[in-house]
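Have the picture open beside you as you read.

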Amino acid sequence: PPFFAPKFDGKYLHKVLQEKLGETRLHQTLTNGIIPTFDMKNFQPTIFTKSEIANSPHLDAKMSDICIDTSAAPTYFPPYYFENDDGKGNQYEFNLIDGTTVAGNPALVALSTVTNSAETDLSFAYIKPLDVKNILLLSLGTGTTADFAGKYTARMQLSGVLFPGFYNNSNPLIEMSSAASAIMNDYYISTIYRALGAETNYLRIEETALTGNITQIDNATEANMNLLKQIGENLLKKQASNGNTETNEEALKRLAKLLSERKKLRANKASQ
């Protein structure tokens, strides 16, 4: 394959998703999921969420197509093209890649979607703009690498010692861009929640010191899966990032209880 071709052709992934999800469409999902992607042709993000179908019916695509889109990580899988109509005979085309290019940490997208939903969904009508005291937000990161810390410098890049953009079979520039996006989203959200006196309503959990083969997103060996499981279990015992004395495990239990109580409250309001 060409030097810059994706590592995988994606055919098997496409086959499995199409077999498992069949003709199921976005409007048939049980919850209001938020799935970000990026359209290469329009050079704009495309966010698939059930709450937007009424305004943009062409977004009611097959879930298999949406899942293939948001899995099309650059350098790993090729971009994905499909067409969908809006139910009125108008055809729309999509040229999409993985949503991490625009939302490495989609928590901010989720916060925006919930705020917008308050305008159309009666069960969220009590939520006002930036009313984060009524919004519980749990953000689970997939981990960031510590491999490049102190190893990749501007001098190394400028000296021509390394092929531009590549180091140790990885791309530090992509890693830095992805990490920076996720970190800044966390910074924005935590600042808002803290400023409005609702810092305990937001919880970000992520391991920030992954090294070696653990950081390879396509390493699905049994040994690596077990290692990642152990890292996740250890992460539960660490102090939560919201500044409280509670651990991540304690914070998760507290949020779960609050979520259950608020779900019952929304259900009661919707039935009135």
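N248 sits in helix α7, which covers residues 248-271. Is N248 buried or exposed? In this predicted model, N248 has a relative accessible area of 3%, and anything under 20% counts as buried, so N248 is buried. Leaving aside residues up to four places away in sequence, N248 touches L203, I205, L235, L236, K238, Q239, A240 and S241.

L203 and I205 belong to strand β6, residues 202-205. From that strand, L203 and I205 point one way while Y202 and R204 point the other, and all are buried. As a rule, side chains in a regular strand alternate between the two faces of the sheet. Strand β6 has a partner too: β5 (residues 137-140) pairs with β6 in the parallel sense, over four bridges. Within that pairing, S139 has R204 in β6 as its bridge partner.

Another contact of N248, L235, takes us to helix α6, residues 222-236. This helix has 15 residues and spans 22 Å from its first C-alpha to its last, close to the 21 Å expected at 1.5 Å a residue. Which residues of α6 are buried? They are N224, I231 and L235. Looking down the axis of α6, the buried residues fall within an arc of 40°, so they line one face of the helix. On the other side of α6, you'll find E222, A223 and K229 exposed.

Now for the antiparallel sheet. Four strands make up this open sheet, in the order β2-β1-β4-β3, with antiparallel pairing. Its edge strands are β2 (44-49) and β3 (80-85), each of which pairs on one side only. On average, neighbouring strands in this sheet are turned by 45° against each other, ignoring direction. Strands β1 (residues 34-39) and β4 (residues 91-98) run antiparallel and are joined by three bridges. F38 stands opposite I97 in β4.

What does helix α2 pack against? Its buried residues pack against α1 (11-21) and the strands β1, β2, β3 and β4. Those buried residues of α2 (residues 63-71) are M63, S64, D65, I66, I68 and D69.

| Helix | Residues |
|---|---|
| α2 | 63-71 |
| α5 | 172-195 |
| α6 | 222-236 |
| α7 | 248-271 |

Helix α5 holds M184. With 35% relative accessibility, M184 counts as partly exposed. M184 and N105 lie 79 residues apart in sequence, yet their C-alpha atoms are 9.0 Å apart in space.

Finally, step back to the whole chain. The protein chain has seven helices and six strands. Starting at the N terminus, its elements run α-β-β-α-β-β-α-β-α-α-β-α-α. Of its 272 residues, 32% are buried. Among contacts with a separation of 6 or more, 63% are between residues 24 or more positions apart. The accessible surface of the protein chain comes to about 16900 Å², with 57% of that belonging to carbon and sulfur atoms.

How values were computed: Residues numbered from 1 in each chain as written. Predicted model: local features only at pLDDT ≥ 70, side-chain atom pairs only at ≥ 80, totals over all residues. Heavy atoms only, no water. Pairing = 2+ DSSP bridges. Helix = DSSP H or I, 4+ residues; strand = E, 2+ residues; numbered from the N terminus. Axes fitted to C-alpha atoms, helices over the stretch in contact; angles between N-to-C directions. Expected span 1.5 Å × (residues − 1). Buried < 20%, exposed > 50% of the residue type's maximum accessible area, 1.4 Å probe, protein only. Arc of directions from axis to C-beta. Contact = heavy atoms within 4.5 Å. Areas by Shrake-Rupley, 256 points an atom, 1.4 Å probe, with all protein chains shown as cover.
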